[in-house]
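Subject: The structure, and what turned up in it

Hi,

Here is the structure, ready for you to open. Have a look at it first, and then read my notes below.

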Amino acid sequence: MPKLGLKTDRVKLVKYSKGWINKFERERRHITKLLNKEIVTVEHIGSTAIRGIISKPMVDIVLGVNSMSRNKSRIVKKLEKDKYVLRKFRNPNQHLLLSKIIDGHTTHHVHIVRHKGVVWNKLIDFRNYLNSHPSWAKQYEILKKKLAKKFPNNRKAYTLAKAKFVRKTLEIAKKKNYA
């Protein structure tokens, strides 16, 4: 299994590993114990949650909360004590992102969003659609490879360049009444 973690701003893709699920489960148990009743649920998202495709060697996790305003600062403080770093977001009342950094390598991203809210649904629907449509997931993989070659040292540009594919996927999922 590929080693977990990637230096900041680097884009490196590795072959799919069933071990990603174990890495997610380990962190899920840890976060659940750490945050206890402050979260509703924890889900595995991102490319490591999509069967059979390449991904950056980082595990993406989404925490569903009842209210973004209620326990947000307490959740962030607890995660920051656990090697997570808060990233700046345009609308922190809808979506917060924290990155776990160990020895200069990002190993996990934790997204905090309102459970079953708009952002939650997009993250979960994207993952579920790609897992249910392997040929579409392969198209995503092809795009990721192309963009990784184009932006090997610019993760922000790499992510922005995938946005059109993500939007299209969510539109298709919605039209097919999948979401």
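Let me start with Glu141, which is buried at a relative accessible area of 9% (buried means under 20%, exposed over 50% and partly exposed in between, with a 1.4 Å probe and protein chains only). Before going on, note that this is a predicted model, in which local features need pLDDT of at least 70 and side-chain atom pairs count only at pLDDT 80 or more, while totals for chains, interfaces and linings use all residues. Residues are numbered from 1 along each chain as its sequence is written, and side-chain values use heavy atoms, with hydrogens and water left out.

Glu141 sits in helix H4; helices (H or I, at least four residues) and strands (E, at least two) are DSSP runs numbered from the N terminus. Leaving aside residues up to four places away in sequence, Glu141 touches Gly52, Ile53 and Ile54, where contact means heavy atoms within 4.5 Å.

Ser17 is also worth a look. This residue is in the loop between E1 and H1 and counts as buried at 10% relative accessibility. Ser17 and Glu141 are 124 residues apart along the chain, and their C-alpha atoms are separated by 14 Å.

Two residues have positive phi without being glycine. Asp9 has phi near 75°; its place is in the loop between E1 and H1, and at 40% relative accessibility it counts as partly exposed. Asp103 has phi of about 50° and lies in the loop between strand E5 (95-102) and E6. Asp103 is exposed, at a relative accessible area of 72%.

Now to helix H5 (residues 155-175). Its 21 residues should span 30 Å, and its end C-alpha atoms are 30 Å apart, which agrees; the expected span is 1.5 Å times one less than the number of residues. H5 bends by about 35° at Ala163 (the angle between axes fitted to the seven residues ending there and the seven starting there). Among the buried residues of H5 are Tyr158, Phe165 and Leu170, and their cover includes strand E6 (105-114) and helix H3 (118-132).

Finally, helix H1 (residues 19-35) and helix H2 (residues 72-80) pack at an angle of about 125°, with their axes 10 Å apart. Axes are lines fitted to C-alpha atoms, for helices over the stretch in contact, and angles run from 0 to 180 degrees between N-to-C directions. Ile31, Leu34 and Leu35 in H1 meet Ile75, Lys78 and Leu79 in H2.

Best wishes
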